[in-house]
Amino acid sequence: MVPSRRRRDRRTHGIKALTYPVPEHANNLAWSLGGITAVAFVILLVTGIYITQFYTPVPEHANQSVRDLVSDVWLGSFARGLHFWAAQATFVLALLHLLRVFFHASYKKPREGNWVIGAAMFLLTFLAVFTDTVLKWDQEGYEAMTHNLDVAELLGGAGIWFTDKLTNRVSILLRLFNAHVVIVPGLILLLFVWHALLIKRHRISSHPEIPVSALEPSEPFTTHLRRVAASGLVLLGVLSMLGVLGRVFGCDQQVVRVRSLSQIIEARRWRPAR
């Protein structure tokens, strides 16, 4: 009987680790933006995994594979629309979360390191949005690729990964695809775990309008997670609606054929110097 109870205690230890107290003000919308951003990121991962099954990351077929996804794949158009709007939501929510932390001075000691981690996650989110734009391989993707090559030139030798000079066996499009689906999300997930552990260690920062001496009510973090999950369900409903109505209002991005990757690079080589 005792060994059985010990095994049960070990199984529930992970859940009990999430029951640390959080102050009541952490449940208002502004202080829940970080958690809601995480929900939007999960939506991105799920829809991205589905879309990846039908995407061909080579210049000759990338554009057509996106067209086929929208027109021929079951739920393809909806998944792409939901993925697009989830990306916009993730970026905007992450920015609002950073602004909330800054204006409430939640980045001050001992949370400076977590502020840096959050800023790094935001930059990676921007990189994910950028690489996604290229992957469509339409006119907007062509322009984004041009900016990518401009950045590579600006970085000099450090930017060789973003050019065709690194290797002639793998296209830049495929390398950006790998960055978009593996490298960038992987780094975000690693930083998110670190971010969450530091939040647990330092606890939720105090509200600037609530005196430190005040006895503010608290509740377990698991209760806070349930509130965030409820907000996340609302967000999912809104994003799903946008995904469905996007085609009606013309908000979903059109996929237009563009020149091949070799033509882009060749055009840049002959572009007159400014």
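## Helices, strands and the model

Helices here are DSSP runs of H or I with at least four residues, strands are runs of E with at least two, and both are numbered from the N terminus. By that rule the chain holds 10 helices and 2 strands, in the order α-α-β-α-α-α-α-α-α-β-α-α. Leu95, for instance, is found in helix H5 (residues 76-103).

Please keep in mind that this is a predicted model: local features need pLDDT of at least 70, side-chain atom pairs count only at pLDDT 80 or more, and totals for chains, interfaces and linings use all residues. Residues are numbered from 1 along each chain as its sequence is written, and side-chain values use heavy atoms, with hydrogens and water left out.

## A nonpolar patch

Val92, Leu95, Leu96, Leu99, Phe102 and Phe103 make a nonpolar surface patch of about 550 Å². Patch residues have over 30% relative accessible area and no salt bridge (a Lys or Arg side-chain nitrogen within 4 Å of an Asp or Glu carboxyl oxygen); nonpolar side chains are joined within 5 Å, like charges within 9 Å. Areas come from the Shrake-Rupley method with a 1.4 Å probe, and for residues only the protein chains shown count as cover.

Leu95 counts as partly exposed because its relative accessibility is 35% (buried is under 20%, exposed over 50%, partly exposed in between).

## Where H7 meets H8

The axes of H7 (residues 139-155) and H8 (residues 172-202) come within 12 Å and cross at roughly 90°, so H7 is roughly perpendicular to H8 (65 to 115 degrees). Met145, Asn148 and Leu149 of H7 make the contact with Ile172, Leu173 and Leu176 of H8 (heavy atoms within 4.5 Å).

How values were computed:
Buried < 20%, exposed > 50% of the residue type's maximum accessible area, 1.4 Å probe, protein only. Axes fitted to C-alpha atoms, helices over the stretch in contact; angles between N-to-C directions. Parallel < 35°, antiparallel > 145°, perpendicular 65-115°, else oblique.
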